[in-house]
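Welcome, and please have a look at the two chains shown here.

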Amino acid sequence: MAEAQRVRILLPLQPQAELMATAAVERVGRSIGFSRDTLAEVKLAVVEACLNALEYGGGQVEVEVVGFPEKPPRLEVVVVDHGPGFEPATLPTPSLQAQLSGERKRGWGLELMRHLMDEVDIRSAPGCTRVRMTRREGGR
Amino acid sequence: METFELEVALLRGPLAVIEVGGYINNEAGEAIVATARRLLEEGHRQLLFDLKATRIINSIGISLLLEVLEMVMEAKGTLAFCSPSPSIAKTFQIMGLAQYARIFESRAAALDALSTPS
């Protein structure tokens with residue numbers, strides 16, 4: 001069986017740094033046979049994980065993309081930041097109806113990640129938040 | 001660096017067609033809000049955003065599209081999107097956006113529907 005493809009990157013603190021992570025997803029995903037449409041969904045989820053890490057992590061953000069050339073192929077993306085952490089269970093599920101009559105219109109990132117990926121696992125404590133997401137080609 | 005393009009491609013009575021390309025993030029979203037506000041002030045209450053060249057959108061961009069939706073609803077107008085990529089269409093579906101905005105597969109279908117009184 002072919003070996004897993006692995007890319008690790010450290011996101012720079014600059015505008016659109018999240019797109020470095022999507023470029024890695026594209027490269028690894030293509031190498032193991034992901035379709036363009038599935039990759040587009042994974043990239044959207046990865047953008048959200050990176051934005052959260054960059055916004056709330058307050059510093060260095062590490063991203064690891066691993067492609068498993070199985071049948072069907074599988075991608076795993078891990079995003080790590082070293083911010084104060086948060087409790088995922090306390091985040092409210094966003095409601096479009098409520099947002100249209102309210103001030104706050106953000107809060108869709110985690111919801112999108114959960115719908116676009118097969119699995120999303122978040123481990124968070126002060127000093128380290130680790131978001132691990134997986135998606136199989138043709139999943140969801 | 002992903003670029004962003006925005007162009008008002010068509011003005012026809014109450015209808016304005018805005019082509020949006022590239023990455024819809026915070027900066028792009030703010031430009032979209034400003035353009036939508038101007039068009040509404042000019043009397044265009046049907047705003048159709050053509051997303052054919054939009055490659056990716058993030059949740060900050062989405063939150064700014066919701067501001068546009070709120071503005072259009074206040075003006076008792078219509079917000080529509082056409083030609084979204086499959087991943088953007090799925091994002092809209094996850095959010096339930098179709099309850100409040102019209103979404104079309106192509107610009108031709110959108111123009112046909114929007115020019116027909118409902």
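## Surface

Chain B exposes about 5500 Å², and carbon and sulfur atoms supply 49% of that area. For chain A the accessible surface comes to about 7000 Å², with 49% belonging to carbon and sulfur atoms. Accessible areas come from the Shrake-Rupley method with a 1.4 Å probe, and for residues only the protein chains shown count as cover.

This is a predicted model, in which local features need pLDDT of at least 70 and side-chain atom pairs count only at pLDDT 80 or more, while totals for chains, interfaces and linings use all residues. Residues are numbered from 1 along each chain as its sequence is written, chains are lettered from A and ligands numbered from 1 in the order in which they are written, and side-chain values use heavy atoms, leaving out hydrogens and water.

## Fold and dimensions

Chain B has four helices and six strands, arranged along the sequence as β-β-α-β-β-α-β-α-β-α. In chain A there are four helices and five strands, and from the N terminus on they run β-α-α-β-β-α-α-β-β. Both kinds of element are DSSP runs, numbered from the N terminus: helices are H or I with at least four residues, strands are E with at least two.

The C-alpha atoms of chain B fill a box of roughly 40 × 25 × 25 Å along the principal axes; the trace of chain A spans about 50 × 30 × 25 Å.

## Packing

Buried residues (under 20% relative accessible area; exposed is over 50%, partly exposed in between, with a 1.4 Å probe and protein chains only) make up 53% of the 118 residues in chain B. In chain A they make up 49% of 140.

Among contacts (heavy atoms within 4.5 Å) with a separation of 6 or more, residues 24 or more positions apart account for 68% in chain B and 61% in chain A.

## Cysteines

How many disulfides does the structure hold over all chains? There are zero, a disulfide being a pair of cysteine sulfur atoms within 2.5 Å. The sulfur of Cys50(A) is 15 Å from the closest cysteine sulfur, in Cys128(A), so the two are too far apart for a bond. Cys50(A) is buried at 0% relative accessible area, whereas Cys128(A) is partly exposed at 34%.
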